Amino acid sequence: MNDTIAAIATPFGSGGIGVIRISGPDAFSIALKLFSKKKLRFERLENLESHKVIHGYIFDVKTFAVIDEVLLIPMKGPSSYTAEDVIEIQAHSGTFVLRAVLEDVLSCGARLAEPGEFTKRAFLNHRIDLTQAEAVADIINAKSANALKFATSQILGTLGKNIQELRKQLIRFLSLIEVNIDFPDDSAPFHPSEKEIQGLEDVLEKCREFIQQHNDACFLKEGIRVTICGSPNVGKSSLMNRLLEKDRSIITAIPGTTRDPVEEGLNIEGVPFVIADTAGIHQTDDLVEIIGIEKAKDHITTSDIILYMKEPGAEFSEREFEKLIPPGKKVIFVVNKIDLGEDNLPKLSEKYRHIPTVEISALLNKGVQELKQKILNISIADLDMEKSPVIPNLRHKKALEQAVESLEAALDGLKNGQVEEILAIDIKTSIDSLGAITGETASLDILDTIFSNFCIGK
Ligand SMILES: Nc1nc2c(ncn2[C@@H]2O[C@H](COP(=O)(O)OP(=O)(O)OP(=O)(O)O)[C@@H](O)[C@H]2O)c(=O)[nH]1
Ligand SMILES: [Mg+2]
């Protein structure tokens with residue numbers, strides 16, 4: 001932490017501008033060694049004014065030849081990304097020129113930064129908490145407008161602040177217990193008030209809510225899994241291609257065309273989906289088909305939404321449906337090939353009338369937009385995008401689960417007259433679990449894992 005790091009902060013390749021970033025105690029003195037406002041002759045500046053862009057030239061410190069014409073942005077800590085002294089050099093973006101500037105900077109005493117090291121320093125210098133550091137990576141990797149929205153709200157520290165609040169409440173409760181442990185003779189046995197116990201229960205409830213929000217929304221990062229299934233030849237692959245608006249799956253009039261599941265990403269109004277076309281399900285002795293059907297069934301089990309497809313003339317059978325689709329799955333009943341006539345269309349039985357039905361013709365591209373809208377509605381129905389801008393990631397969720405477990409133990413203990421020392425341990429464990437989310441109590445391993453997933457220069 002007390003050395004100076006440097007890296008190229010923009011992507012590899014040619015572009016308009018490339019940025020070299022330097023951070024640490026020597027950032028300003030390094031910049032003074034190689035930057036000059038004059039082009040023809042290196043003329044060292046006295047000092048650099050913070051937060052003011054300067055136009056000039058980077059000189060090779062060994063040969064005193066000009067490497068590039070640049071803009072230099074000095075930022076005195078703590079008003080910088082890392083909270084240390086930072087210099088950003090905006091050079092022309094070519095692989096060679098950026099490397100030449102970087103090597104120049106390194107030869108003046110900076111060390112090449114590790115992946116995510118700038119953000120790690122921002123965290124270690126307490127400028128941002130760990131959830132905000134993670135949000136930086138989420139913003140860079142966001143694959144949809146909604147994923148970006150959630151990452152942006154996290155970078156503002158909303159999740160971190162919420163967790164801090166819960167943690168503070170637990171710390172207050174712990175101090176009540178500890179007074180009793182420290183001065184057992186002076187005080188009555190530990191008897192928290194109704195209100196204090198309610199406070200603990202509120203924290204528990206809030207942790208559970210966050211876990212639920214993760215479950216509801218984790219698809220925004222990974223994509224909601226949608227599987228198209230049905231008998232052979234009903235037009236599953238035709239629908240797949242219509243949804244994707246490209247020829248991804250093979251379509252033939254021969255039943256049993258699709259064997260391996262075909263998966264592809266699809267974005268509907270900013271929400272990411274992963275659509276899978278699967279083998280037609282029926283009784284068969286064909287070994288390859290049997291394997292394909294097994295894979296189709298696996299997809300059905302792991303999918304969030306099932307498009308259950310039938311064609312005119314076929315019947316909806318409750319037995320067949322229940323054998324294939326696990327109870328509680330979100331399903332859309334898709335009736336395809338309505339161009340063949342509308343008198344003979346399969347209908348849902350009374351018991352399943354609540355399942356939405358969409359009638360389409362994949363061949364004529366009819367009803368496909370309506371189906372897309374249904375898929376979107378059914379998937380975000382439970383999620384209030386405006387109300388829950390804080391979405392914990394998987395790591396946060398695991399920590400929240402630990403917090404819930406020890407809080408439940410503490411509340412049980414309170415009911416059953418558990419000794420104060422054990423209560424204190426349970427509360428302390430939940431405080432630490434919440435602290436791991438914001439970074440107060442995160443282990444070095446956790447930090448290394450998080451920051452090693454960043455790119456160099458961030
Ligand atoms: N008339 C009509 N034919 C269609 C429609 N959709 C698909 N078909 C035809 O039905 C046949 C089967 O289509 P596929 O998309 O390969 O059907 P599938 O369900 O993927 O079949 P398998 O992979 O064998 O299970 C092809 O000849 C398609 O052209 C439709 O809406 N109307
Ligand atoms: Mg197919």
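**Strands, helices and domains: a chat**

Author: Phe333 stands opposite Thr357 in E13. Keep in mind that this is a predicted model.

Reader: OK. How many bridges join E12 to E13, and do they run parallel or antiparallel?

Author: E12 covers residues 330-335, and three bridges join E12 to E13. The two strands run parallel.

Reader: What sheet is that part of, and in what order do the strands come?

Author: An open sheet of six strands, in the order E9-E10-E8-E11-E12-E13. The pairing is mixed.

Reader: Which are the edge strands?

Author: E9, residues 262-268, and E13, residues 357-359. Each of these pairs on one side only.

Reader: And what does the twist average from one strand to the next?

Author: The average is 25°.

Reader: Which strands does helix H9 touch?

Author: H9, residues 236-244, packs on the sheet and touches E8, E9, E10, E11 and E12. The direction of H9 makes about 155° with that of E10.

Reader: Which strands does H10 lie across?

Author: H10 is residues 287-302, and it lies across E8, E10 and E11. It runs at about 135° to E8.

Reader: Changing topic. At what angle do H6 and H14 pack?

Author: About 160°, with their axes 9 Å apart. H6 is residues 158-182 and H14 is residues 420-438.

Reader: So are they roughly parallel or roughly antiparallel?

Author: Angles over 145 degrees count as roughly antiparallel, so H6 and H14 are roughly antiparallel to each other. Their crossing is left-handed.

Reader: What kinds of residues make the contact of H6 with H14?

Author: The contact residues divide into 14 nonpolar, six polar and five charged.

Reader: Back to strands. How many bridges join E4 to E5?

Author: Six, and E4 and E5 run antiparallel. For one of the pairings, the partner of Ile58 in E5 is Asp68.

Reader: What about the hairpin of E4 and E5?

Author: It has six residues between the strands, and Phe64 takes a positive phi near 60° there.

Reader: How is E3 joined to E4?

Author: By two bridges, with E3 (residues 35-36) and E4 (residues 54-59) running antiparallel. The bridge partner of Ser36 in E4 is Tyr57.

Reader: Last thing. Into which domains is the protein divided?

Author: Domain 1 is 5-113, domain 2 is 135-217 + 395-452, and domain 3 is 226-380. Taken over C-alpha atoms, the centres of domain 2 and domain 3 are separated by 43 Å.

How values were computed:
Residues are numbered from 1 along each chain as its sequence is written. Chains are lettered from A and ligands numbered from 1 in the order in which they are written. This is a predicted model: local features need pLDDT of at least 70, side-chain atom pairs count only at pLDDT 80 or more; totals for chains, interfaces and linings use all residues. Domain bounds come from an automatic or database domain assignment. Axes are lines fitted to C-alpha atoms, for helices over the stretch in contact, and angles run from 0 to 180 degrees between N-to-C directions. Helices (H or I, at least four residues) and strands (E, at least two) are DSSP runs, numbered from the N terminus. Angles under 35 degrees count as roughly parallel, over 145 as roughly antiparallel, 65 to 115 as roughly perpendicular and the rest as oblique. A crossing is left-handed if the near helix is turned anticlockwise from the far one by less than a right angle, and right-handed if clockwise. Ala, Val, Leu, Ile, Met, Phe, Trp, Tyr, Cys and Pro count as nonpolar, Asp, Glu, Lys and Arg as charged, and the others, Gly among them, as polar. Two strands pair if DSSP finds at least two bridges between them. Two residues are in contact if their C-beta atoms, placed from the backbone, lie within 7 Å.
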